[in-house]
Amino acid sequence: MKKVLSVIVLLLVCAVTYAGGYRVSLQGQRGLAMGHTGVAYVNSAEIAFFNPGGLVHLESKLSVSVGGFGVFSDVKYQNTEFGTSSQTDSPTGTPLYLYAAYKLSEKSSVALAVYTPYGSTVEYPTDWSGSHLVNSIELSAIFIQPIFSTKLTENVSFGGGPILAIGGVNFNRNLTRSLADTDGNRSNVEVDASGVKGYGFSVGGYAKFSDKWSFGVNYRSRIDIEVEQGEGTATFSNVPNSPLAPTTNGDFDFTATLPLPAEWTVGVTYKPTDKWVLNADVNYAEWDIYNSLDLNFLNADGSVALESINPRNYQNAWTLRLGAEYAVSDKFALRGGAYFDESPVQEGFFSPETPRNDSFGFTGGFSYNVTQKLAIDASFLYLTFREVDASYDAYTESGVEAPFAGTYRSSAFAPGLGLTYKL
Amino acid sequence: MKKYFNYIALPALALGLVACEPEFENEIEDGTVYTSGEANFSSYVAVGNSLTAGFADGALYITGQENSYPNIMAQQFALAGGGEFTQPLVNDNLGGLTLGGTQITNNRFVLATDENGNPGPALLTGTPTTDITNVVTGPFNNVGVPGAKSFHLVAPGYGNVAGVPTGQANPYFARFASEANATVMGDALAANPSFFSLWIGNNDILSFATSGGAGVDQTGNFDPTTYGSNDITDPNVFANVYSQEVSLLVASGAQGALVNIPDVTSIPFFTTVPSQAIPLDATTAATLNAAFAAYNTQVLPGLASFGIITADEAAARQITFAEGANFITIQDEDLTDISAIVQGPPFNLDPITAGLLSQLRQTTNDDLVPLTTAGVLGTTDQDFLNLLVSLGIPAEQAALQAINGVSRPLQDQFVLTSQEQELITTAQTQYNATIQALAQSNDLAFVDARTALQVVANGGVSFNGGVLTSDFVTGGAFSLDGVHPTPRGYAFTANAIIDAINEQYGSTIPGVDIGSYGTVTLSNDVN
């Protein structure tokens, strides 16, 4: 046990998370094991994330779920026209969650939820053929949310709460495909910001039609992570010493906005027997707010020294999820699931920074009740992307489009461990 | 619990580490996507001159060498069985050479801005650290020697450092020659080529061209040891040594590619400064026209009527100016020297005026003005000014008579006249015929670099993100010396050679994305 805990603590140290498209659906062992479903399934404090409306139906006075994942992701790129190839060497991502729910009365509950629904860590070899778009990127956002949940009737309830999001970004790329100093060192910029705050909320509704059927709906609002002047630093290096160069070496303030899109979820839970639970959820993420990643690099007086416009043109995207749970015994439950995740990336905007095409996720896991109060949860996700020929066409040099094209293939594997405690 | 962790979580973890490696259907890294056809790229050796060495911006420096066309090609060959490719890298990115601590060649050009913000080439500042007495040890896969002509490759002692100060040996070859008496070809063969490229002969005409035709056309002289550095090599001498070189390279069964000689009119060194380079206002033009009126209307028709010059020559020697851009005045050594005659009756001109008129004409659109002439045009010929003043001509009036390219005609080395171009073209055509014939008879790939560069010079070549042209500074193909390519230009060259190799040997080597190669380097760290 101690060892397992120490592993979790280790993972906690580097609170960085992975995703393609930068949404990371790893917000609970039990939910993930069932295809990351659960908007209509009241089982543990994970409901605080999946649907605050269902929280009040938790039977225990105190329910706690805590855990984390290790995300091992790989992206491979190649371009057979030019014989170039590359592969990411991304560090392990560690999305985490903590949900603690407390039952005030039969009619109402409160909870605190801490989770990391957005993030991305992609690291290519420095100066690889797409280094003018990205060398490495590390996005992280931690959401902290107090929740109140109450029953309207015995079987209908709702809940919600404000979200404080704390985001960070570290992004490194070369300025162009070829600009370098006299020693051939590629001109580079690294932007770094952390502790950037954003605010939003989530609300959910839950209805139990019978012992077999229940229904849930959840909405999590858009949150903009806005980096203001003074909150981050952009460092330019290896820029040639010339007024003809786009900028000069050194640190600049910058402003940028990274939108974390709103997400709708509706779903049903069906319990055909005492031993079986079946979930079906649908997510709809409003990615179309992510038009362009625009960075303004500022002079000391706040005027814009250089701007970087990076069109993204994301589109809203669906995710279809299925999951099942089977209670082997009082002590042991097995889970499995699968989902189809539609990419928000449109043709011609496939950037190696978020190399995300449509993907299939396969999940599994189990819970083991060590005591009446304490359970250990484990799960895994295997996310597989089809091989795709794609390009990012919006990159320009001297006003001329210079598409970055190639073949991509990605995959991710995320095993997780957690604890569930009920009092 | 421990039991479950061991039996489920650990295998799952192991599965994860395996499953994390996504695979392409046709994976480049597997080495099966590209084929070498009938060629064997395991040991590629490139033989040639500055172009092969990766010379650029008037110097040889590390990043230039890294972007040499042979090095670019070798990276692509590596996708289909190509082996390691070693180059005799210099010591820094400044590019100047030293001999015993004394600098003997300039540092590289970079694109700098002057006090008004106008960009132009300037020498990168810094103390170079490549001393040619520090000989690097081969064998090397790149045996490109800047400055080498066709016959130098088989000349023993061309890399003898003792011969460098006297011009008998080449400082670039002295740096990596295996011994004092080595030949370039011998050192190339020491690398055991399974595949080679040979691009030599450019300097056999180019040094004549860049010197503005100051050298001699040695056609008919079969002894290259008597040639000056700016002379045109006799085409038979070229054919003889080139044939020897090809024979040496193919003797052990190596395959390869022969690259022909591009036109001098494809390089910005000759296409940047227009022959109509003298801007004049109306008043100055009128003053100058008045000064040349007697020459145009009396001297030239008179000489023609005496039969001293032809009517055509009389017409070609007319000097006229107008408001706007004007043709440059030059001293053309292919014209009849009239300086003695016009000092006699009926013209009775003074010696200075006679000297001015001796072989005077204005350039036409058929003449090429070297890049280096730009720095001379419109400046004052100080020696001539001093002479005039010493003869009692008022300084103000003397200054008007001493403007280079206007009142003071440019000397031969500042313009490549159409007649000089004809000498070059004649030799080049014969060299290229030799190269193509030897490629055919030896079943080697033939690379028509001449046509490829013509396309770049006439409209340009589209690539992902732009158009590659031979416009100076902005075109992307040529470095700041106006003669040698940029990394992007070398990448284009590599692609042209790869295409010819694929065609000859049935290989499927991919070209490179030339847009990801740089052009001119910006820096204000200049002298």
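Predicted model: local features only at pLDDT ≥ 70, side-chain atom pairs only at ≥ 80, totals over all residues.
Two strands pair if DSSP finds at least two bridges between them.

Chain B holds an open sheet of three strands in the order 3-2-6, and its pairing is mixed. Its edge strands are strand 3 (102-103) and strand 6 (130-131) of chain B, each of which pairs on one side only. Strand 2 (residues 97-99) of chain B runs antiparallel to strand 3 of chain B, and two bridges join them. Across this pair, Leu99(B) stands opposite Thr102(B) in strand 3 of chain B.

**Two helices side by side.** Helix 8 (residues 235-250) of chain B packs against helix 15 of chain B at an angle of about 25°, with 10 Å between their axes. Angles under 35 degrees count as roughly parallel, and helix 8 and helix 15 of chain B are therefore roughly parallel to each other. The crossing of helix 8 and helix 15 of chain B is right-handed. On the helix 8 side, the contact includes Phe238(B), Tyr242(B) and Val246(B); on the helix 15 side, Tyr431(B), Ile435(B) and Leu438(B) are among the residues involved. By class, the residues of this contact between helix 8 and helix 15 of chain B are nine nonpolar, three polar and no charged.

**The domains.** Chain B is divided into domain 1 (44-269 + 418-516) and domain 2 (278-414). Taken over C-alpha atoms, the centres of domain 1 and domain 2 of chain B are 39 Å apart. Twelve residues from domain 1 of chain B and nine residues from domain 2 of chain B form the contact. On the domain 1 side, helix 9 (268-271) and helix 15 (418-441) of chain B each supply at least two residues. Helix 15 of chain B provides the largest share of that side, three residues.

**The partner chain.** The contact between the chains takes 45 residues from chain B and 41 residues from chain A. On the chain B side, helix 1 (2-19) and strand 4 (109-113) of chain B are the elements that give two or more residues. Helix 1 of chain B gives the most, with nine residues.

Here are the residue classes of two of these contact sides:

| Side | Nonpolar | Polar | Charged |
|---|---|---|---|
| Domain 1 of chain B, touching domain 2 of chain B | three residues | nine residues | no residues |

Definitions and conventions. Residues numbered from 1 in each chain as written. Chains lettered and ligands numbered in written order. Domains from an automatic or database assignment. Contact = placed C-beta atoms within 7 Å. Helix = DSSP H or I, 4+ residues; strand = E, 2+ residues; numbered from the N terminus. Nonpolar A, V, L, I, M, F, W, Y, C, P; charged D, E, K, R; others polar. Axes fitted to C-alpha atoms, helices over the stretch in contact; angles between N-to-C directions. Parallel < 35°, antiparallel > 145°, perpendicular 65-115°, else oblique. Left-handed = near helix turned anticlockwise from the far one by under 90°.
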